[in-house]
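Biologist: Can we walk through the pockets and the core of this one? Bring it up first, please.

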Amino acid sequence: MNDIIIKEVHEYTESQLADLFLSVEWSSGHFPNKLKIAMQNFKTVFSAWDGDCLVGMICAMDDGVMNAYVHYLLLRPEYQDRGIGKQLVEKVKERYKDYLRIVVVAYNAEIGFYENCGFKKADDASPMFITDLWT
């Protein structure tokens, strides 16, 4: 992983967030002012840094005792396939090790990654959304 540092940070600039989210073509990157507030409100945010460049993050919310939900996991494309994403997932798994359930809604293309991190695809459940976002 070379010089990548993982930190728990809740304060980001709008530019840092827009750059990261748009690097993976997520439409939420067009709303950096909302992302900035969201990062402050998430219970758990771990981010990956290459020097002063934000290269990835994972965000989770929880009910305080039983259930945790991974909402964001993203990594700039040029930093993917280096084990950084898995390290971010491990940070969340460690944080919530005493919880009864950790949930993630994965895009179909990423299911294999999450299975390699220990998640299992539900046979009897499907994610549902009410959203204005297009990715």
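Modeller: One term before we start. A pocket here is an open set of grid points with protein on both sides within 12 Å along at least five of seven lines, and its lining residues have an atom within 4 Å of a point. Also, this is a predicted model.

Biologist: Fine. Which residues lie nearest the centre of the second largest pocket?

Modeller: Val104, Val105, Ala106, Lys121 and Ala122, out of 17 lining residues. Strand 5 and helix 4 are the elements that each give two or more residues to that lining.

Biologist: How much space lies in it? And what classes do the residues fall into?

Modeller: About 450 Å³. The lining divides into 12 nonpolar, two polar and three charged residues.

Biologist: Now the largest pocket. What volume?

Modeller: About 1200 Å³. It has 37 lining residues, with Trp26, His71, Leu73, Val105 and Tyr107 closest to the centre.

Biologist: Which element gives the most to that lining?

Modeller: Strand 4, with seven residues. Helix 3, strand 5 (101–104) and helix 4 (111–116) also give two or more. By class, the lining has 25 nonpolar, eight polar and four charged residues.

Biologist: Switching to the core. Which members of the largest one touch the most others?

Modeller: Ile4, Ile58, Ile84 and Leu88, in a core of 22 residues. Strands 1 to 4 and helix 3 (84–95) each supply at least two of its residues.

Biologist: What does Ile58 touch, leaving out residues up to four places away in sequence?

Modeller: Its contacts include Val45, Phe46, Tyr72, Leu88 and Val92.

Biologist: What about a second core?

Modeller: That one is separate and has 16 residues, among them Leu17, Trp49, Met57 and Tyr72.

Notes: Residues numbered from 1 in each chain as written. Predicted model: local features only at pLDDT ≥ 70, side-chain atom pairs only at ≥ 80, totals over all residues. Heavy atoms only, no water. Core = buried A, V, L, I, M, F, W, Y, C linked by side-chain atoms within 4.5 Å. Buried < 20%, exposed > 50% of the residue type's maximum accessible area, 1.4 Å probe, protein only. Helix = DSSP H or I, 4+ residues; strand = E, 2+ residues; numbered from the N terminus. Contact = heavy atoms within 4.5 Å. 1 Å grid on protein atoms, 1.4 Å probe; cavity = no way out; pocket = protein on both sides within 12 Å on 5 of 7 lines; lining within 4 Å. Points joined across faces, edges and corners; volume = space filled by probe spheres on them. Nonpolar A, V, L, I, M, F, W, Y, C, P; charged D, E, K, R; others polar.
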